[in-house]
Amino acid sequence: MKTKQLPKSVKITNCTILDPFAEKEFAGEILLKNGKINDVGKSISADGVDELDANGAVVTHGFCDIHAHFREPGREDKETLVTGSRAALAGGFTTVCVMPNTNPPLDSPESIRFIAEKAEDLSIQLYPIGAVTVGQNGKEMTEMGEMVKAGAVAFSDDGIPIIDGEVMRLALEYSTQFDVPIINHAEDVDLRGSGQMNEGRWSTRLGLAGIPDVSESIMVERDLQVAGFTGGRIHVPHVSTEKSVHAIRRAKENGVNISAEVTPHHLYFDDSALQTYDTNLKVAPPIRSEADREAMIGAISDGTVNCIATDHAPHTVEEKESPFEYAPCGMIGLESAFGAVWKMLSDKKMSLLDVVRKLTVMPRQIIGFDSDLFAKGAEAELVFLNPDQEWTFGLEHIRSKSRNSPFVGEMLKGQVVSVVSRGQIISFK
Amino acid sequence: MGSLKNRHLLGLEGIPSEDIQTLIDTAFTFREVLDRPIKKVPTLQGKTIVNLFFEASTRTRISFELAQKRLSADTVNFSASSSSLKKGESFKDTAQNIEAMKIDGIVMRHPVPGAPLHLTKFVDAVVINAGDGTHEHPTQGLLDMMSLVETFDKLDGLKIAILGDISHSRVAMSNIIGLKTMGAEVTLCGPPTLIPVNIDELGVNVSYNLDEVLKWADAVNILRIQRERQGVHYIPSIREYRSLYGITRERVEALDKELTIMHPGPMNRGVEIDSDVADSDNAIILDQVLNGVAIRMSVLFHLLGEKQEKGEA
């Protein structure tokens, strides 16, 4: 990895420009001045500027992950804002929203400000998601207005579902005045019980307690109905089941103001992979059946699910080396995201432009970020891709402080070559 | 070593029928040793085996320990409560510390499914699963099959009912897999809340009518029932369970045939099985216990005792 300051003026040449906002793809050039987009076109005449030969790479918007855990404050042994940012860049992500389930949780304007201030010095654009309820206790709403002013871009008690329907209603109503989404980890905790993996043939065979698919879709149904009723904006994170997809599709047809995301791992793995009892595959929601995985691919292809988000969740080696039931849920996902997703979706007749939109324009629109990153004057957030490159994901590709990835050893397709972010160009070759 | 396909015994899943047959055949020869006045052979002299029990067990641990002593192995017992597991020394450290003391085999019971497979990643010793959570209990499956062979002289075509809490039973899973491998027919019987999803994919029948199942079966293997597990009540009452699924004297007497009665223990007399049935001539429950020692001798012999030329075979 090499990091260099961008020259004052630089022209990126010899590349295929993929504009996910205008939905165009063409051989062209990009002129950056002072770290901002000056021009994007087929051929740009600019004298006396540095040239950067992209060697035929595809250049597109930097990816945006609206669901990551960077563990700061509280578990800096697993990840920090700095190390998480490095992992993001390695995966082509230049914008990341971090979840509030830190210790203490991001449930006050002060804690949001702590993240926002630290974010100023990072190598990516980083935004905090605030907790919906104080201490993520599922009862009292946080000071959403003050937290939005301090920099919160969405609200979630991530990891912990908002069980109380009345609290969900109030949060969805109250948040409408700030036009921010509420993200609810959709799970009926009673139906989950002591479940360890998806309930089905593999949980039976492996003797691991099952988590039924309805434990997710029941909560998704409730949230969609409350959202329709209140007019609030609900975003469904890490959708994992066919039944949830049906619920979301129906609600969208009925005009409910909703969005949804899927993780790369729910597109990639099915529960037969748990045969090895690999604790890196222990996630919440669990890796589901092959039919669910196919439903997720269908849902991201047809737009029922709007975007891809990683749910990057670092845990220590010793935690993940413990027997399955004792290991915490979560896997890291930033570094492997594009290679995993493009491998899965390029087989399914999705174009690179379509897939890149799910990593750029779509997540930015959900949060309300500017999504026309090639507009003149936009701060340069670019990723250089070699989409045809097949490569084996290894520990050497991990920049996170943790290494709990079941993708290690997997052959992926599509590599991030370099990234432009916050006035720097970072190369991984 | 050569005679068995796998180096460890983690479960009956994936064990070919020839290996199950070999283990049972050898166990019958060890049964003869157990009937001698001096019940000891030098087969495992110089071998060191650790019994690593992360969950309370009386009969399985004693059975393994006796089997080891009958084979002249050196044995060490390690017990830890599962509650202390989450906090204290990590599983990996415990395993690697024990292995550092130069041992040949580890017999492990652990409350978490998959823990024996996990153990093989950290140690070179031979690993024998003595029960991993609700996953498998392979030596129990083997001793149950040995007991059936003793009674019926065969497994192929036998009709076996497994009764009770299938969902939470490692005994049921190892029995199902082993019996199906050996060509027996298996019917599971118990309340729907205690039958796991997709179990029919293992080639078994499921029934909620005990009387019909008993009419069909050559033998019934009765599992211990608990009304409540981790705060979840899977059945409304023991009274209702007895009425629907209890092996009562009346039920057995109503059959116009001999039905072989099995129970892996520990029994709840008066709950899933009546005392009169448990103590009847058709019950082979204590034979199962004796066969348990013989089958564990057989497993230890095949995994640790034979000339070890493994690896390049």
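The radius of gyration is taken over C-alpha atoms, and the globule rule for it is 2.2 Å times the number of residues to the power 0.38. The model is predicted: local features need pLDDT of at least 70, side-chain atom pairs count only at pLDDT 80 or more, and totals for chains, interfaces and linings use all residues. Residues are numbered from 1 along each chain as its sequence is written, while chains are lettered from A and ligands numbered from 1 in the order in which they are written.

**Exercise 1.** Determine whether the radius of gyration of chain B agrees with that of a compact globule.

*Solution.* Step 1: for 313 residues, a compact globule would have a radius of gyration near 20 Å. Step 2: the value for chain B is 19 Å, which agrees. Step 3: along the principal axes, the C-alpha atoms of chain B fill a box of roughly 55 × 45 × 35 Å.

**Exercise 2.** Compare the radius of gyration of chain A with the globule rule.

*Solution.* Step 1: chain A contains 14 helices and 19 strands; helices (H or I, at least four residues) and strands (E, at least two) are DSSP runs, numbered from the N terminus. Step 2: the globule rule gives 22 Å for 429 residues, and chain A has 21 Å, so chain A is as compact as a globular protein of that length. Step 3: buried residues form 59% of chain A, where buried means that 20 or more other C-beta atoms, placed from the backbone, lie within 10 Å of the residue's own.

**Exercise 3.** Describe the side of chain B that touches chain A.

*Solution.* Step 1: 24 residues of chain B are in contact with 18 residues of chain A; contact requires C-beta atoms, placed from the backbone, within 7 Å. Step 2: α4 (91-100), α5 (115-120) and α7 (170-181) of chain B each supply at least two residues of this side. Step 3: the largest share, three residues, comes from α5(B).

How values were computed. Two residues are in contact if their C-beta atoms, placed from the backbone, lie within 7 Å. A residue is buried if 20 or more other C-beta atoms lie within 10 Å of its own, exposed if 12 or fewer, and partly exposed in between; C-beta atoms are placed from the backbone.
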